[in-house]
Structure formats: structure tokens, C-alpha cells
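This report describes sheets, cores, ring pairs and selected residue contacts. The sequence and the model come first.

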Amino acid sequence: MHSEGRTHSRADQHGYWVAPALALVLMLFGCTAPRTMRQVLAPARAPAAVLPITATYRLEAIHSAPGPDTTQVSITMSGPVQPLVQRLSPPDRLVIDLPDTRLPPQWNQYNVPVSDVRLQMIQVTQSQLKSAQVTLASQAVQDYRITLQEAPHRITVELLGAATTVPPSAGAAPQSAPRASPVEPSSQAALAPRAHRKPLICLDPGHGGHDPGALGPTGLEEKTVVLQVAKELQQLIQQEMPQYRVVLTRDQDVFVPLAERARMANEQQAHVFISIHANSSLHREASGIETWYLSFAASARAKKIAARENMMSEQQLSTLELILRDLHETDRINQSAVLAQSTQSALAEHMAAHYPGVLPRGVEGAPFAVLHRTTMPSVLVETAFISNPQEEARLRTTQYQRALAKGILQGLRQFLQTTVVAMP
């Protein structure tokens with residue numbers, strides 16, 4: 001009885017501290033609860049500010065240099081930026097978008113002073129968080145050309161137009177004021193109408209600059225070989241077909257985007273466009289010459305080659321096909337096929353006569369981006385397999401390069417003598 005009474009007495013005593021102890025436990029629980037639970041119980045706070053993403057490259061400098069026939073604008077970058085260029089009007093201006101690029105801290109919207117009859121103003125803006133834009137407000141400009149180079153990374157814009165005279169009293173216009181009156185009509189008349197010029201042949205040495213193209217077993221780069229072949233062909237055309245003009249999409253080791261190559265030919269209304277390349281294969285024994293024209297009914301191998309030359313994956317190539325399939329012109333494609341056959345036959349025959357064992361691989365169609373963007377008969381010539389040790393060794397020699405140029409010339413001459421080119 002006594003012990004039982006003591007037990008009840010302890011329980012009664014505990015009752016005095018149960019409530020305070022429970023309160024203490026709840027306080028401790030509130031301090032040691034998991035983070036997620038504390039966040040739910042805590043008042044809502046404003047989210048932390050998101051730090052802007054810094055662009056990879058930086059625009060470092062812009063300079064303009066007027067000349068008798070051209071004005072050069074040099075845009076120096078901190079890395080290999082691929083510009084997106086479009087010409088807009090009115091007013092006439094060239095808009096150059098520089099993706100993944102930031103301006104120097106002191107540049108927000110900067111107008112570069114210009115004193116040049118072809119160029120009114122250069123405006124630089126941070127158009128987006130990670131994109132800068134350079135706008136060239138131009139006048140009396142007939143055409144333009146863009147080249148890319150490395151060491152240093154530089155985008156060079158050439159504004160092509162007739163030289164005009166700046167009145168002695170005309171100075172550099174204030175940045176906030178419009179430029180002086182446009183060029184007088186007499187100066188505009190100095191621009192030679194294209195209709196009175198000699199017909200043009202556009203030669204396109206593939207790759208260049210940071211894009212070496214295919215590599216040979218001992219390191220020979222496609223971009224080097226095809227430029228030398230193109231220069232040999234240019235010289236031959238000037239000597240043997242003086243009734244034609246010749247222009248190269250690049251005459252030095254610079255990178256020119258595919259769209260820019262075709263644009264140059266289209267703007268000059270070229271009669272023919274020939275893109276010169278060197279082939280490559282995982283099988284080193286692969287060899288020979290083949291010529292391509294634009295076609296969407298391409299074999300699996302043709303699509304692989306087109307994807308490599310277009311610098312895109314085969315999946316991206318399939319998407320490009322769907323977009324462009326209905327846009328090509330039948331007449332131009334047919335004439336391109338004729339040019340391809342004429343070039344292939346003459347080139348293969350000429351090379352086999354001087355270099356036994358050269359394999360004629362024939363003519364085939366493929367969706368090459370550089371050919372699709374042209375408006376005239378266009379072909380892509382794979383002069384040899386640079387991946388083949390024997391053909392790489394031949395491609396190193398001036399004799400072989402000149403022989404390739406002579407073979408292409410023979411096919412080109414035959415095509416121009418027997419085909420009426422349908423111009424736009």
C-alpha cells in the first residue's frame with residue numbers, strides 16, 4: 001500500500017514539469033528541424049538576384065581605313081567569333097551581329113567617328129546580354145566583302161565602291177548629327193553598270209583560316225592545297241580566256257562563311273561558280289577525282305560528304321534538306337549537272353594522261369550548302385583524296401596543282417562554249 005502510494009506521488013510530481021519540458025522540446029525542435037521544414041515555416045523572402053552570364057568573347061577595337069576603291073573596317077576580337085551579316089535599306093547599312101560577345105566596360109552605345117565618303121558612321125551596341133552589334137551606315141557602296149583571320153582574331157569588312165571627292169569644307173560629322181548630303185548623281189554614275197562588264201567566273205577555294213578542312217597523313221591541309229589550285233586556275237583563265245573576269249572568294253588563308261561565298265558570286269552575277277576541295281576517307285586506299293552538283297536525291301555516302309563540307313552533322317543536314325528542298329530551281333540544277341559532267345570528264349581525262357592510275361569516280365549530286373545558295377550553275381570539285389598517301393604527296397607539288405587547274409579549265413571552256421547560261 002505504501003509503495004503504491006509513493007508511485008502515485010511521483011507521477012503527480014512529474015506532472016509539474018511535463019508541460020515546461022514539452023515546451024522546451026518544441027523550442028529545440030524548431031531550432032534543429034530540417035532546412036526544408038524551416039523554410040516552409042519561415043516567412044517568404046525575395047529571391048536572390050541572378051548574376052548575368054558573361055559572354056565568352058570581347059570586342060577589343062574598331063578601325064576604319066578609306067582607300068581609292070574600298071573602305072576597310074577592321075573589328076578586332078578576343079576570340080574566333082562567327083559574325084552574322086545582313087545588308088538592310090533604307091537607309092543603306094550593314095548590320096554585323098557578334099554572338100557571344102561583350103563590349104568593353106566603357107562602351108554602352110558607342111559611335112565611332114568616321115570621315116569617309118563610303119561610310120557615314122559606325123555604331124556599336126550591346127544588342128543583347130551576350131550579343132554585340134556593329135552597324136555600318138554606308139553610302140555610295142556597290143558591294144561588300146567580309147573575311148576572318150586569326151592571330152589576332154579580326155573581322156575585316158571591305159566596302160566596295162567608286163572613289164569620290166570629299167569637299168574641302170566637309171569635316172567629320174558630330175556623332176549625334178546626320179552626315180552631310182549624299183553623294184552627287186555625277187559621282188554615282190561613276191559606278192560601272194554590271195551589264196557592261198565581262199562575264200564573271202567565281203572560284204571558291206574551300207575552307208581557310210581556323211578551318212583547315214581535311215588533313216593528309218603527313219599533315220598537309222586541304223585549305224592550303226585548294227587555294228593554290230584556285231590561283232593556278234585563275235591565272236590560266238586570265239591568260240587563255242581573257243573575255244572572262246575571275247574572282248576568288250578568298251585569296252589568302254582566311255575563313256569565309258559558306259553563305260558569304262555564295263553571296264559574293266550572286267552579287268557579282270557570276271556566270272559559273274566552282275568550289276575546289278580535296279576529298280578524305282577513313283580508308284587510305286580511297287583515291288580519285290569526283291565532281292558534285294546540288295541534289296537532294298543523294299546517297300548515304302553523298303550525305304556524309306555534304307555534311308562534312310557543310311560543317312554540320314548528318315541530322316542537321318536532314319533538317320536543312322527539309323527546309324530547302326522546295327526552293328531550288330530546276331533549270332539551274334540541270335545546268336549544274338551539265339557543268340559537273342563536263343568538268344569531271346575533262347579533269348579525269350587530263351590527269352589520267354599525265355598521272356597513270358588516277359581514278360575517275362564520276363559525277364554525283366548532294367545537298368551542299370554552298371552550292372544551294374548560288375544563283376548560277378555551280379559545282380564542287382573534289383580534286384583528290386588528301387587522305388591517300390600517294391595523292392597527298394602529289395598534291396604537295398606545283399606540277400600536280402597546275403595539272404588539276406588545266407583539267408578544270410578544259411571542262412569549264414567546253415561548258416561555256418556549248419551551254420547558254422540562264423542568268424537571273
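## Contacts, sheets and rings

Apart from neighbours within four places in sequence, S74 is in contact with A61, I62, H63, R154, I155 and T156, where contact means heavy atoms within 4.5 Å. The model is a predicted one, in which local features need pLDDT of at least 70 and side-chain atom pairs count only at pLDDT 80 or more, while totals for chains, interfaces and linings use all residues. Residues are numbered from 1 along each chain as its sequence is written, and side-chain values use heavy atoms, with hydrogens and water left out.

S74 belongs to strand β2 (residues 70–77). Helices (H or I, at least four residues) and strands (E, at least two) are DSSP runs, numbered from the N terminus. With a relative accessibility of 17%, S74 counts as buried; the term buried stands for under 20% relative accessible area, exposed for over 50%, and partly exposed for values in between (1.4 Å probe, protein chains only).

β2 is part of an open sheet of five strands, ordered β5-β1-β2-β10-β9, with mixed pairing. Two strands pair if DSSP finds at least two bridges between them. The edge strands are β5 (101–102) and β9 (143–149), each pairing on one side only. Between strand β1 (residues 57–66) and β5 the pairing is parallel, over two bridges, and Y57 has T101 in β5 as its bridge partner.

Another open sheet has six strands in the order β12-β11-β13-β16-β14-β15, again with mixed pairing. From one strand to the next the twist averages 20°. Strand β11 (residues 200–205) runs parallel to β12, and four bridges join them; L200 stands opposite R245 in β12. Helix α11 packs on this sheet, touching β11, β13 and β16 (378–385), and its direction makes about 150° with that of β13. Axes here are lines fitted to C-alpha atoms, for helices over the stretch in contact, and angles run from 0 to 180 degrees between N-to-C directions.

**Nonpolar cores**

A nonpolar core is a set of buried Ala, Val, Leu, Ile, Met, Phe, Trp, Tyr and Cys residues joined through side-chain atoms within 4.5 Å. The largest has 58 residues, of which L203, L233, I237, I274, M351, L395 and L416 touch the most other members. α11 gives the most to this core, with nine residues. Leaving out residues up to four places away in sequence, L203 touches A230, L233, Q234, I237, V246, V247, L248, T249 and I274. A second, separate core of 26 residues includes L59, I75, L94 and I122.

**Aromatic rings**

The structure holds two aromatic pairs. Rings of Phe, Tyr and Trp (its six-membered ring) pair if their centres lie within 6.5 Å; planes under 30 degrees apart count as stacked, over 60 as edge-to-face and the rest as tilted.

| Pair | Centre distance | Plane angle | Class |
|---|---|---|---|
| W292 and F368 | 5.7 Å | 75° | edge-to-face |
| Y355 and Y400 | 4.7 Å | 75° | edge-to-face |

W292 lies in strand β14 (residues 289–294) and F368 in the loop between β15 (360–366) and α9 (369–372), so the pair links parts of the chain 76 residues apart. W292 is buried, with a relative accessible area of 0%, and F368 is buried at 1%. In the other pair, Y355 is in the loop between α8 (330–354) and β15 and Y400 is in helix α11 (residues 398–418), so parts 45 residues apart in sequence are tied together. Y355 and Y400 are both buried.

The charged end of R263 sits over the ring of Y144, 3.6 Å from its centre. This applies when NZ of Lys or CZ of Arg is within 6 Å of the ring centre and within 35 degrees of the ring normal.

R263 is among the buried residues of α5, together with L258, E260, R261, A262, M264 and A265. Helix α5 (residues 258–267) is mostly covered, with seven of its ten residues buried. After α5 comes Q269, whose phi is positive, near 55°.

S287 is in the loop between β13 (272–279) and β14. S287 is buried, at a relative accessible area of 15%. The C-alpha atoms of S287 and F385 are separated by 5.2 Å, although the two residues are 98 residues apart along the chain. Not counting residues up to four places away in sequence, S287 touches L359, R361, F385, N388 and E391.
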